[in-house]
Amino acid sequence: MWCSSCADRDDLLKPPGVAETLDWARALNHLGTTHLDLETAAATLGALVKYREDKDRVRQALDRMLTT
């Protein structure tokens, strides 16, 4: 579930591609996730982004998106 509203792709050092997006979806599915929350998203972001800076940016964007 990667989307442009999660973070501006231009702000990421290495934006996730299709493979990373599928890896993240598999990780969420493996955990039995039916509703995305910040805790689960944060715990699985390593499958989606490769750099810590990107993980921080995506987490902040998800925090904004999931708390509104």
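**Starting from Thr 40**

Modeller: Thr 40 is buried, with a relative accessible area of 17%, which falls under the 20% cut-off for that label. Please keep in mind throughout that this is a predicted model.

Biologist: Where does Thr 40 sit?

Modeller: Thr 40 belongs to helix α2, which covers residues 38-44.

Biologist: And which residues is Thr 40 in contact with?

Modeller: If we leave aside the neighbours within four places in sequence, Thr 40 is in contact with Leu 28, Leu 31 and Thr 33.

Biologist: OK, let's zoom out. What does the secondary structure of the protein come to?

Modeller: There are three helices and zero strands, and from the N terminus on the elements run α-α-α. The protein has 68 residues, of which 31% count as buried. Its accessible surface comes to about 4,500 Å², and 50% of that belongs to carbon and sulfur atoms.

Biologist: Which residues make up the largest nonpolar core?

Modeller: That core has 10 residues in all, namely Leu 12, Trp 24, Leu 28, Leu 36, Ala 41, Leu 45, Leu 48, Val 49, Val 58 and Leu 62. Two of the helices, α1 (18-30) and α3 (52-66), each supply at least two residues of this core. As background, nonpolar side chains in soluble globular proteins tend to be buried together.

Biologist: Let's take α1, then. Which of its residues are buried?

Modeller: The buried residues of α1 are Glu 20, Thr 21, Trp 24 and Leu 28. Seen down the axis of α1, these buried residues fall within an arc of 100°, so they line one face of the helix. In general, an α-helix has 3.6 residues a turn, so residues three or four places apart point the same way.

Biologist: What do the buried residues of α1 pack against, and what is on the other side?

Modeller: They pack against α2 and α3, while the other side of α1 carries the exposed residues Val 18, Arg 26, Asn 29 and His 30. As for its length, α1 has 13 residues and reaches 18 Å from its first C-alpha to its last, close to the 18 Å expected at 1.5 Å a residue. After α1 comes Gly 32, whose phi is positive, near 75°.

Biologist: Now α3. How far does that one reach, and which of its residues are buried?

Modeller: With 15 residues, α3 reaches 20 Å from its first C-alpha to its last, close to the 21 Å expected at 1.5 Å a residue. Its buried residues are Asp 54, Val 58, Ala 61 and Leu 62, and seen down the axis of α3 they fall within an arc of 100°, so they line one face of the helix. These buried residues pack against α1 and α2, whereas the face turned away from the buried side carries the exposed residues Arg 52 and Arg 64.

Biologist: Switching to loops: where does Lys 50 lie, and what does Lys 50 touch?

Modeller: Lys 50 lies in the loop between α2 and α3 and, at 46% relative accessibility, counts as partly exposed. Not counting residues up to four places away in sequence, Lys 50 touches Lys 14 and Glu 20. Lys 50 and Pro 15 are 35 residues apart in sequence, and their C-alpha atoms are 8.8 Å apart in space.

Biologist: And across the protein, what share of the contacts with a separation of 6 or more comes from residues 24 or more positions apart?

Modeller: Residues 24 or more positions apart account for 54% of those contacts.

Technical notes. Residues are numbered from 1 along each chain as its sequence is written. This is a predicted model: local features need pLDDT of at least 70, side-chain atom pairs count only at pLDDT 80 or more; totals for chains, interfaces and linings use all residues. Side-chain values use heavy atoms; hydrogens and water are left out. Helices (H or I, at least four residues) and strands (E, at least two) are DSSP runs, numbered from the N terminus. Buried means under 20% relative accessible area, exposed over 50%, partly exposed in between (1.4 Å probe, protein chains only). Contact means heavy atoms within 4.5 Å. A nonpolar core is a set of buried Ala, Val, Leu, Ile, Met, Phe, Trp, Tyr and Cys residues joined through side-chain atoms within 4.5 Å. The expected span of a helix is 1.5 Å times one less than its number of residues. The arc is that of the directions from the helix axis to the C-beta atoms. Accessible areas come from the Shrake-Rupley method with a 1.4 Å probe; for residues, only the protein chains shown count as cover.
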